[in-house]
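Thanks for passing this one along. Please have the model open while you read my notes.

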Amino acid sequence: MMNKYAVELWHEPGISPLGNPIYRKMAQWTYEALPGCLEKRGVTMIGDYHLDPEHRGFLIFEAKTVEDVRDLLYESGFMAWCNGRIYPTTPLSELQKWVPAEEPVGSER
């Protein structure tokens, strides 16, 4: 079964690939390496978004395990120029299953 993971990446403004040529090369290397790393790990990227104008991005992956996503981030080079967090995801439509049938004991409205 494939799970979906959201990855939040960020970096300091001074190392932005948009303005820093050293980190631009690192980012270019990452994006060149990414397709091979995805294939190697059996991971699919289903979204990649930059949060304008912040130095933040979100990547959405389908993968068997969180370890596959973690290893992909290191092997592709993202973690050489970004900080990151990996979040397992649940579709909002699935959360309804977690709602208790009755109000919890001690709750008041």
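The points below go from the overall fold to the strands, the helices and the pocket.

1. A word on ground rules. This is a predicted model, in which local features need pLDDT of at least 70 and side-chain atom pairs count only at pLDDT 80 or more, while totals for chains, interfaces and linings use all residues. Residues are numbered from 1 along each chain as its sequence is written, and side-chain values use heavy atoms, with hydrogens and water left out.

2. Overall fold. The protein has four helices and four strands (DSSP runs numbered from the N terminus: H or I of at least four residues for helices, E of at least two for strands). From the N terminus on, the order of elements is β-α-β-β-α-α-β-α. The radius of gyration, 18 Å, is well over the 13 Å that the globule rule gives for 109 residues, so the protein is more spread out than a compact globule. (That radius is taken over C-alpha atoms, and the rule is 2.2 Å times the number of residues to the power 0.38.) The C-alpha trace spans about 60 × 30 × 15 Å along its principal axes.

3. Of the 109 residues, 29% count as buried (under 20% relative accessible area; exposed is over 50% and partly exposed in between, with a 1.4 Å probe and protein chains only). Contacts (heavy atoms within 4.5 Å) reach along the chain: among those between residues at least 6 apart in sequence, 67% join residues at least 24 apart.

4. Strand E1. Six of the eight residues in E1 are buried. E1 pairs (at least two DSSP bridges between the strands) with E3 in the antiparallel sense over eight bridges, and Ala6 stands opposite Ile60 in E3. E1 also pairs with E4, again antiparallel, over six bridges; there, Leu9 faces Gly84 across the pairing.

5. Helix H2. Which residues are buried in H2, residues 66–76? They are Asp68, Val69, Asp71, Leu72, Leu73 and Ser76. Their cover includes E1, H1, E3, H3 and strand E4 (83–88). Just after H2, Gly77 takes a positive phi of about 100°.

6. Two individual residues. Ser16 sits in the loop between E1 and H1 and is buried, at 6% relative accessible area. Leaving aside neighbours within four places in sequence, Ser16 is in contact with His11 and His55. Leu95, by comparison, belongs to helix H4 (residues 92–95) and counts as partly exposed at 31% relative accessibility. Leu95 and His55 are 40 residues apart in sequence and 31 Å apart in space, C-alpha to C-alpha.

7. The largest pocket. It holds about 350 Å³ of space. Of its 20 lining residues, the closest to the centre are His11, Tyr31, His50, Arg56 and Trp81. (A pocket is an open set of points on a 1 Å grid over the protein atoms alone, where a 1.4 Å probe fits, with protein on both sides within 12 Å along at least five of seven lines; lining residues have an atom within 4 Å of a point. Points are joined across faces, edges and corners, and the volume is the space filled by probe spheres set on them.)

8. Where the lining comes from. Strand E1 (3–10), helix H1 (21–41), strand E2 (44–50), strand E3 (56–63) and helix H3 (78–81) each supply at least two lining residues. E3 gives the largest share, four residues.
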